Amino acid sequence: MKNQYMTENKWVRFLITSIIAILGALIFQMFHMPIPWLLGSMIFVLIGSKFFKMIKPFWPGSIRNIGMGIIGYTIGLSFTMSTVKQIGQQFPSMVLLTVLLLFCTSIIALFISRLSGIPFPTVLMGSIPGGLSQMIPLAEEIKGIDLTVVTFLQVSRLMMIIFFVPMLIFSPLFDIQSNDSIMSSIQTRTASWEELFPHILVFAVVCTIFALLGKKIKFPTAFLLGPMIATIILNLSGFHGPALPSIFLNCSQLLIGGYIGLLLKPEDLQNKFKIALLAFMSGVVLIACSIGLSLLLTKLHTVTLMTAFLSLSPGGMDQMAIIAKEVNADLSVVICYQLFRTLFIFLVVPSLLKGIFKKRLQNKG
């Protein structure tokens with residue numbers, strides 16, 4: 001009876017899964033791996049789900065949504081009046097370069113789809129540089145998408161960006177006169193607990209309302225976009241939110257990583273080696289495209305190649321911003337381009353993709 005309770009009670013299963021996720025995060029952190037609380041929890045939950053047959057791991061979607069809300073809040077904090085002015089000055093260039101980057105992504109996805117035989121919608125969702133935590137929820141909302149392939153492609157690209165971008169920045173290509181490693185500094189700005197109150201209570205309530213409202217009107221990735229939009233509105237109105245202590249940021253990665261770990265089903269992945277090779281090649285080509293577009297940006301505006309590359313690099317906005325700060329790039333430009341691409345992908349791409357894929361299915365029908 002006790003064993004049956006352990007194997008069937010979902011909260012006991014969640015507790016055990018959480019322990020596995022935290023263990024993975026701590027081990028990744030101990031070995032100084034990148035974004036350990038996301039990748040460590042994800043990989044260990046994935047391994048645990050395959051080896052612990054007696055107790056089926058469980059991770060509720062509502063827990064994942066809390067993590068998405070925290071990330072949405074932190075992204076929204078980056079949007080200030082200075083960011084608005086910068087976007088206004090370079091808006092045409094932002095639209096042009098974002099569209100060109102997405103166009104390159106589509107060509108790469110089409111190429112991979114032809115070589116691998118994987119449906120184009122799945123490869124495209126796995127290739128769009130919108131971030132792992134953003135693209136997975138969006139992929140879940142579109143019918144016919146293979147989440148395992150999408151997650152695999154997104155994780156592959158994320159790992160390449162995290163390792164290769166710092167290496168490129170400190171390479172002779174960018175002529176940085178420093179040998180210090182910046183990987184140790186890729187952490188989001190944090191705050192003390194005293195700085196949180198009382199403003200954080202207002203943001204918590206408003207962000208929750210916007211998330212639930214977004215869910216009700218079927219807004220794409222509502223639990224991420226809702227808090228992000230709420231934070232932007234409050235920030236621009238003059239009511240500034242505090243930066244979160246590192247424990248919140250780590251927990252948000254953990255809550256998302258554990259959920260994604262259960263989505264991964266490598267046993268369902270056909271031609272594993274071939275797909276891995278194609279994913280690596282696509283990542284290299286996408287980084288090369290970013291460098292090419294960076295050169296174009298330096299011709300359009302008086303920015304350094306380093307600033308341009310960090311602005312157009314298909315990685316996370318927080319990581320690129322901190323790298324920019326470490327190498328004295330123009331932080332406002334980097335944040336503006338990264339944030340604009342994030343907003344464009346969140347607000348325009350989901351509806352566009354859903355419309356295109358729906359039309360494709362209707363044509364096939």
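1. A cavity here is a set of grid points where a 1.4 Å probe fits but cannot get out. The model is predicted. It holds three cavities of 30 Å³ or more.

2. The largest cavity contains about 100 Å³ of space. Its lining is made up of T105, I108, G126, S127, L153, S156, R157, A279, S282, G283 and L286. By class, four of these residues are nonpolar, six are polar and one is charged.

3. Which helices supply at least two residues each to that lining? They are α5 (81-116), α6 (120-127), α8 (147-169) and α12 (272-300). The largest share comes from α12, with four residues.

4. Confidence deserves a look before any detail is read. The mean pLDDT of the protein chain is 78. Of its residues, 79% reach 70 or more. Helix α9 (residues 199-216) has the highest mean pLDDT among the elements, at 92. Helix α1 (residues 2-8) has the lowest, at 58.

5. Residues 177-189 need a caution. Over this stretch pLDDT stays under 50. Where pLDDT is low, the predicted coordinates should not be read in detail.

6. Helix α3 covers residues 36-51, 16 residues in number. From first C-alpha to last, α3 reaches 21 Å. That is close to the 22 Å expected at 1.5 Å a residue. Buried residues run through α3: P36, W37, L38, L39, G40, S41 and M42 are among them. Further along, V45, L46, G48 and S49 are buried too.

Methods: Residues are numbered from 1 along each chain as its sequence is written. This is a predicted model: local features need pLDDT of at least 70, side-chain atom pairs count only at pLDDT 80 or more; totals for chains, interfaces and linings use all residues. Side-chain values use heavy atoms; hydrogens and water are left out. The expected span of a helix is 1.5 Å times one less than its number of residues. Buried means under 20% relative accessible area, exposed over 50%, partly exposed in between (1.4 Å probe, protein chains only). pLDDT is the predictor's confidence in each residue, from 0 to 100. Contact means heavy atoms within 4.5 Å. On a 1 Å grid over the protein atoms alone, a cavity is a set of points where a 1.4 Å probe fits but cannot get out, and a pocket is an open set with protein on both sides within 12 Å along at least five of seven lines; lining residues have an atom within 4 Å of a point. Grid points are joined across faces, edges and corners, and a volume is the space filled by probe spheres set on the points. Ala, Val, Leu, Ile, Met, Phe, Trp, Tyr, Cys and Pro count as nonpolar, Asp, Glu, Lys and Arg as charged, and the others, Gly among them, as polar.
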